[in-house]
Amino acid sequence: MANKLISEIPLPKSIANVFSARNVSTAKDALSLTEFELMELLDVGLTEVRSALSQISEIVAPPYQTALSLMEQRFQNEHLGGHFPTGLKGLDAALCGGIPFGVLTELVGPAGIGKTQFCLKLSLLASLPTNYGGLDGRVIYIDVESKFSSRRLLEIGLRSFPEIFQMKEMAQEMAGRILVLRPTSLAEFTQSLEQIKVSLLQNQVKMLVIDSMAALVSGEHEQGARRQQTLSWHISFIKSLAEFSRIPVVVTNQVRSRNHDDASRYCFQVQSRDGAIETPMQYDSHLVAALGIQWAHAVTTRLVLEAKSGERFIKVAKSPISPPLAFPFHITSSGISLLSDDGKEVMGPEINAIHYQGHNEIINFGMEGLH
Amino acid sequence: MEIWRLPISASQRGKLISAGYTSLSSLSSISSSDLARELNVSESEAMNILKVASHSRGSETSNASCSIVEVLDTFQWWAGAQSAWDMLHDEESLMHITTSSADLDNILGGGIHCKEVTEIGGVPGIGKTQLGIQIAVNVQIPNDFGGLGGNSIYIDTEGSFMVERAFQIAEACIEDMSEYNRFLRKDFQECKIKMQPQDILENIFYFRICSYTEQIALINYLDKFLSENKDVKVIVVDSVTFHFRQDFDDMALRTRVLSGMALKLMNLAKRFSLAVVLLNQVTTKHTEASFQLALALGDSWSHTCTNRIVLYWNGNERYAYIDKSPSLRSASAAYSVTARGIRNSSSSCKRIKMM
């Protein structure tokens, strides 16, 4: 709507001519200027500028919906009211049905914790027919670090849904619905994204997985402000893609160690004498999610995967609907599964902390279990 | 007032000056047909210029040597001015929207003020959207229960509005009202509230914005929308930052556009007597050799809103801090986000801290 041409908006002829003469051709151009700037540029009076702007605004402004009709629409048209069940009962219950459609869901955790395993399971589930809890559609899996293993995918399928995957044609059909893209640079990724947006709906794509976002951005050589701007563009684009197609978008993120530059307080928060207000998390964990605070704002749901005293937990760190719960999980041959469906409630900013204690033992143990 | 300041187009101004009309008084005695001839413009245009000039002249005070009594009377000459005494009456009858947390309402002086723009910012996950939804629901509390009984507009720029959550909060709000009703009615009559959560959801007008152009267009359009929907008593924008952080290369333009938007919102708040709540994100700011958190959109934006509240973590508790307000003290209070919405913090060591 922003790029609506002024020529298509029913304005009085005189002012429409002035707009085109001064090269103000889209609504975006007109609305980015203040009233006085427009007056000066177009050389017309205030009342005319105001009336032109109000007509343009009325056309460009999106229509409204009552929250009630939004709810009814979602429940009628979308699978489970706009949620994709992950198969992890406790998590699905907390998230009010599952991973929400139309917004970004982030999986963040240290290396080897199980993010890719989770993504594989989700891709598999999305390809299944609806009576098995799937979305009955295609999945686009953007595999940046070449971690996608089709053998592992089929193993998960065979263990979790033997009745489907034992038949070779069915296994082929399901696996055939998952399209893996391997962009080697950010530019290639950007190109793929643009192509995806165009062909999303007609190709029946029901889920998008990006594994991992951090690897894409960190691979580039730009620093500082320019990198932030590139990331901004991608955040905006992926969000709008999710929004207009109403599909779940799952993005994985890496962790990095916390450095002294990480801000954690406002200027009005008094600096206490060493550690009185310091939260315990600052001493336990030295890991934070990569990609910065702007990314943290942009994701709607953040699931933190961590290892604490030899056990793995999946925590709902940010969600519009769920309380801050932590569920213990483990990874078996049939993929990721919860050890308990009752989440433990975590108080305070601890929910955002990412631990990695006792991690090495888990990796080695896990690897043995997989072969 | 010189010709420079008249709201007419640049070429008209240029013609007036080159024809020798540099002050308003010079235009007082000329007729429109003479002016049209001198400036070489059409008669209707000349008439328009004279009308604008007389309008501006009418709102100027007369010469400086008038007594106090006359000065008080000339306040009537300034379109839209009010004396401080009259404003006191308005301020005392100001309506507030409760946040459902008594501690938070206390430091806010009763709740979110109508006729003012309040900015609320905080880190991701602190509860901004939760507070936004709570306010959009609470504005609908009927007058009998101390609420405004109005409708709400929810402008969603990020897709964080979840209808199921709004339903939950609405349901809890109605249950609380029934509880309150039962508590007050000494005769223990089961006076059931007739409101249903669906009714509350029906009165939330939801707009989804996908670019900053749409955001500006919508705020321009709200003028007309609000004239047709006079029951709207709160506008929540969640978040005002998102689209302005991504696409702008020209920072000066961003500042101008943002301040234009803020002025329009303030105008809407005053004209339609409603509350405007803007939710903002945070960014890191380098000050005094360290990095600190600050609300996004820059220093110029921080001047534009009337009130500013920062939500932050203090230990394991969520706190709200009044960063800027013309009438409230700097104070912070704890609150919590529960399954029923925003409520008082349940911790025993909570306290309202005056700064």
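Tutor: Let us begin with handedness: a crossing is called left-handed if the near helix is turned anticlockwise from the far one by less than a right angle, and right-handed if it is turned clockwise. With that convention, the crossing of H7(B) and H8(B) in this predicted model is right-handed.

Student: What makes H7(B) and H8(B) oblique to each other?

Tutor: The axes of helix H7 (residues 128–138) of chain B and helix H8 (residues 163–184) of chain B come within 10 Å and cross at roughly 50°. Angles under 35 degrees count as roughly parallel and 65 to 115 as roughly perpendicular, and H7(B) and H8(B) are therefore oblique.

Student: Which residues make that contact, and what classes do they belong to?

Tutor: From H7(B) come Gln130(B), Ile133(B), Gln134(B), Val137(B) and Asn138(B), which meet Arg165(B), Ala166(B), Ile169(B), Ala170(B) and Cys173(B) of H8(B). The contact of H7(B) with H8(B) has six nonpolar, three polar and one charged residues.

Student: In chain A, what is the orientation of H3(A) to H4(A), and how do you know?

Tutor: The axes of helix H3 (residues 35–42) and helix H4 (residues 46–60) of chain A come within 10 Å and cross at roughly 115°. Angles of 65 to 115 degrees count as roughly perpendicular, and that makes H3(A) roughly perpendicular to H4(A). H3(A) passes H4(A) in a right-handed crossing, with the contact made by Glu35(A), Leu38(A) and Met39(A) of H3(A) and by Leu46(A), Val49(A), Arg50(A) and Leu53(A) of H4(A). Those residues of H3(A) and H4(A) divide into five nonpolar, no polar and two charged.

Student: Turning to accessibility, why does His297(A) count as buried?

Tutor: His297(A) has 3% relative accessibility, and buried means under 20%, so His297(A) counts as buried. This residue lies in helix H15 (residues 292–298) of chain A. Leaving aside neighbours within four places in sequence, His297(A) is in contact with residues including Lys318(A), Val123(B), Glu158(B) and Arg245(B).

Student: What makes Ser327(B) exposed?

Tutor: The relative accessibility of Ser327(B) is 52%, and exposed means over 50%, so the term applies to Ser327(B). Ser327(B) lies in the loop between strand S11 (317–324) and strand S12 (331–338) of chain B. The C-alpha atoms of Ser327(B) and Gly109(B) are separated by 8.8 Å, although these residues are 218 residues apart along the chain.

Student: Cys96(A) and Leu291(A) both have a positive phi; how is each classed by accessibility?

Tutor: Cys96(A), which is not a glycine, has a phi of about 65° and lies in the loop between helix H6 (89–94) and strand S3 (99–100) of chain A. At 32% relative accessibility Cys96(A) counts as partly exposed, because that class covers values between the 20% and 50% limits. Leu291(A), with phi near 75°, lies in the loop between strand S10 (287–289) and H15 of chain A. At 14% relative accessibility Leu291(A) counts as buried, because the limit for that class is under 20%.

Student: Where should the coordinates be read with caution, and why?

Tutor: Where pLDDT is low, the predicted coordinates should not be read in detail. Chain B averages a pLDDT of 83, with 88% of the residues scoring at least 70, but over residues 61–74 of chain B the pLDDT is below 50. In chain A, pLDDT stays under 50 over residues 272–284 and over residues 362–371.

Methods:
Residues are numbered from 1 along each chain as its sequence is written. Chains are lettered from A and ligands numbered from 1 in the order in which they are written. This is a predicted model: local features need pLDDT of at least 70, side-chain atom pairs count only at pLDDT 80 or more; totals for chains, interfaces and linings use all residues. Side-chain values use heavy atoms; hydrogens and water are left out. Axes are lines fitted to C-alpha atoms, for helices over the stretch in contact, and angles run from 0 to 180 degrees between N-to-C directions. Helices (H or I, at least four residues) and strands (E, at least two) are DSSP runs, numbered from the N terminus. Angles under 35 degrees count as roughly parallel, over 145 as roughly antiparallel, 65 to 115 as roughly perpendicular and the rest as oblique. Contact means heavy atoms within 4.5 Å. Ala, Val, Leu, Ile, Met, Phe, Trp, Tyr, Cys and Pro count as nonpolar, Asp, Glu, Lys and Arg as charged, and the others, Gly among them, as polar. pLDDT is the predictor's confidence in each residue, from 0 to 100. Buried means under 20% relative accessible area, exposed over 50%, partly exposed in between (1.4 Å probe, protein chains only).
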